[in-house]
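Here are a few notes to read alongside the model. Have the sequence open too, and take the points in order.

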Amino acid sequence: MDNLTIALDAMSGDFGPRVVVPATIQALNCYPNLSIFLVGDPAEISLFLSKENVKLVSQYQQKGRLILTESTTVIANDMKPAYAIRHSQGSSMRIALELVKDNKAQACVSAGNTGALMGLSKLLLHSLTGIDRPALVATIPALNNQSTVVLDLGANAECDSDMLVQFAIMGEILAKTVLKIETPRVALLNIGEEDIKGLDKIRAAASILKSNDQINYIGYLEGNELLTGKTDVLVCDGFVGNVTLKTVEGLVKIFMSSFKLSLGNNSLLMKLLSKWLQRKFSKNFGYLEPGRYNGACLLGLRSIVIKSHGSANQKSFFAAIEQAILAIQTNIPEKIAMSLSSALPKSE
């Protein structure tokens, strides 16, 4: 694809322009065919732009690759989604999504209120035919250089069996498209591997997936197997998915940050050995660092929306921008739309 255009909700997340602006400049530096709408308070955005390479920023603006778009309000993280949607006019999140709706941008990235982003995305951009509600999906690194598509990660706290089946189908299409897996293995996250385990909705979804010849359904997977690479697609409701992902991310952060050799003395030899071991650990397990795979796609929409962690730093938000670029380049919504008609169960 020759040109890429992304709208960024610059006021979103815990840090707003403090993180979004430097990540924007980094993305423009790395992708010469990329243009970005920065949506937010122009005065605040300009304050952080002034801390970047002023000459470079000016060049990007003159060439139309960096476009400041004014918003008047911000949707707070603690707003209830229904209230946020009703009062979303003029907000940075809504304007960024409207740029996608009006075909001025190909994707939107926001670190804002998940419920509001979900609701506004569905309202403005609409779901694909056959999809009840979009799901947040991310590709998580696993052992042996494998990856696992996991959904839903928080967009839908409650799901019925039909929604879980829809998630499985969309996840399988994503695994084929992005991970290039010819026949992805699909599993349901459950509290045990036996058929009798789990909630009624999970067992009902399993029954439907078993009868679908187009899905390579392999059964249930337990939470302790998330990073093992035993499946290519792992499906669950948004409540379970969000708790599971954040638990894993928290453990990885603690494990990596606390990996320091404590040998009881401060000799030069011990310090050098400690640094060598830390580098070795980072090389072997650094791929698990959460910031490297930040950016969950709202799968099931007719357009591309990427949800970043609210606490994302520059590196993590840049990763979310790259997720948007990948989704544009692989044309995810169109591929899912083309595959859904044949993959979804036929109604009686």
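1. Start with helix H5, residues 92-101, which is mostly covered, with 8 of its 10 residues buried (under 20% relative accessible area with a 1.4 Å probe, protein chains only; over 50% is exposed and in between is partly exposed). Helices here are DSSP runs of H or I, at least four residues, numbered from the N terminus. Among the buried ones are Met 93, Ile 95, Leu 97 and Val 100. Just past H5, Asn 103 has a positive phi of about 60°.

2. A word on the basis: this is a predicted model, where local features need pLDDT of at least 70 and side-chain atom pairs count only at pLDDT 80 or more, while totals for chains, interfaces and linings use all residues. Residues are numbered from 1 along each chain as its sequence is written, and side-chain values use heavy atoms, leaving out hydrogens and water.

3. Next, look at H7 (residues 161-178) against H8 (residues 200-210): they pack at about 50°, axes 8 Å apart. The axes are lines fitted to C-alpha atoms over the stretch in contact, with angles from 0 to 180 degrees between N-to-C directions. On the H7 side, the contact (heavy atoms within 4.5 Å) includes Leu 164 and Val 165, and on the H8 side it includes Ile 202 and Ile 208.

4. Now the cysteines. How many disulfides are there? The count comes to 0, taking a disulfide as a pair of cysteine sulfur atoms within 2.5 Å. The sulfur of Cys 159 is 8.3 Å from the closest cysteine sulfur, in Cys 236, too far for a bond. Cys 159 is buried at 7% relative accessibility, whereas Cys 30 is partly exposed at 44%.

Conventions
Helices (H or I, at least four residues) and strands (E, at least two) are DSSP runs, numbered from the N terminus.
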